[in-house]
Amino acid sequence: MAGRKRLKVLVLCDAVEPTHPNHTLAEYLAGDRQTEADVLQAFGKLGHQTDHLVIFDSLEPLRQKLEGFQPDVVFNLADQFRNNRAFDQNIVSFLEMHGIPFTGCGSTGLTLCKHKAISKKILGYHRIHVPEFVVIPRGRKGVRPKRLKFPILVKPLKEEASYGIAQASFVETDDQFRERVQFIHEKYDNDVIAEEYIEGRELYVSVIGNNRLQVFPIRELVFKEVPPDEPKIATYKAKWDEEYRKRWGLVNQFAVGLEPSLERAIQQTCRRIYHLLTIDGYGRIDLRLTANREIYFIEANPNPVLAAEEDFAQSALKAGTEYPQLIERIVRSGMSALRE
Ligand SMILES: Nc1ncnc2c1ncn2[C@@H]1O[C@H](COP(=O)(O)OP(=O)(O)O)[C@@H](O)[C@H]1O
Ligand SMILES: [Mg+2]
């Protein structure tokens, strides 16, 4: 902190239900809010003047807080509004319209990355490998275009955290395809993107910065106990169900055995993806690396999970950035980002 100005930081969080007036911060954090807990704890060490706000379905408390507390910067951990994760970009638009600096990605980057077809069209145009795909909006029948080859992965078009992704998302016949499309339309009330399944290693690449980027050491999700001929997918259970992870030997670790030239190619591809999708602040790019060393884009995650134990912070740590310093860097990138 030496020589750095002490800042007024508003940590902005979301909720999935109205907050009870007597609800304490400790109670909020106890509800599976590891990222919020870790970030607030880091701020305890950084010496800034910190306040927090939890929003659910109204921006009025945020407007009041901006007026009353007059923060220098908003640390943005709010990525849903009224139980809708597609509204992350609207929260950020509100901050942009107020001209208040905030951490992480701006509204354009959030919008482009959330839409799994638009992001792939942009990257495909720039000759980055993306899986072949088709979009099937709600209200349309799940008919597979002949150019799309099995096996196929059927996903919600605009979701994250593997909501709606299970082993049944992997389809090998037209009947399975139709069934899964209908299931996502009805149960997840989401349009569908169906992508050719790319077999290969699952890599997670963490990137920080606005113009000049640093790429942190590459992580990998390995499927130790999944038989070789089975599909390997980071399903909802694969991400969040500890017992399931144990049973199938799913482990997030640093990627080993990548040749230096390949590692550089991956880093360079991820820098390009980050810029092409107009991500700012920090992000994690998810890739598949095929047996013949082709790098396929799967998904870009602006504002990835920041909990200290998760991939982004672990990658930063491996590169020598301790957690509170990581939070400080994210704050400084937020303050220097050029917004709309
Ligand atoms: N085209 C694909 N080929 C192979 N695996 C895929 C493909 N698309 C998704 N997956 C698998 O499904 C996981 C979740 O897909 P993703 O598009 O990242 O959804 P989410 O936004 O919910 O994380 C990926 O991490 C990967 O394991
Ligand atoms: Mg993903």
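Two strands count as paired if DSSP finds at least two bridges between them. That criterion is applied here to a predicted model.

**The sheet**

Four strands make up an open sheet, and their order is β4-β7-β5-β6. The pairing is antiparallel. Strands β4 (133–136) and β6 (170–171) are the edges, each pairing on one side only. Inside the sheet, strand β5 (residues 152–156) runs antiparallel to strand β7 (residues 192–196). The two are joined by 5 bridges. At one point of this pairing, Pro156 of the chain faces Val192 in β7.

**Helices across the sheet**

Helices α6 and α7 each lie across several of these strands, as tabulated here.

| Helix | Residues | Strands crossed | Angle |

**Asn301**

Asn301 sits in strand β13, which spans residues 295–302. Is Asn301 buried or exposed? Asn301 is buried, because 21 C-beta neighbours fall inside 10 Å and the cut-off for a buried residue is 20 or more. Beyond its neighbours within four places in sequence, Asn301 contacts Cys113, Gly283, Arg284 and Asp286. Val205 is 96 residues away from Asn301 along the chain. The C-alpha atoms of Asn301 and Val205 are 10.0 Å apart.

Key. Residues are numbered from 1 along each chain as its sequence is written. Chains are lettered from A and ligands numbered from 1 in the order in which they are written. This is a predicted model: local features need pLDDT of at least 70, side-chain atom pairs count only at pLDDT 80 or more; totals for chains, interfaces and linings use all residues. A residue is buried if 20 or more other C-beta atoms lie within 10 Å of its own, exposed if 12 or fewer, and partly exposed in between; C-beta atoms are placed from the backbone. Two residues are in contact if their C-beta atoms, placed from the backbone, lie within 7 Å. Axes are lines fitted to C-alpha atoms, for helices over the stretch in contact, and angles run from 0 to 180 degrees between N-to-C directions.
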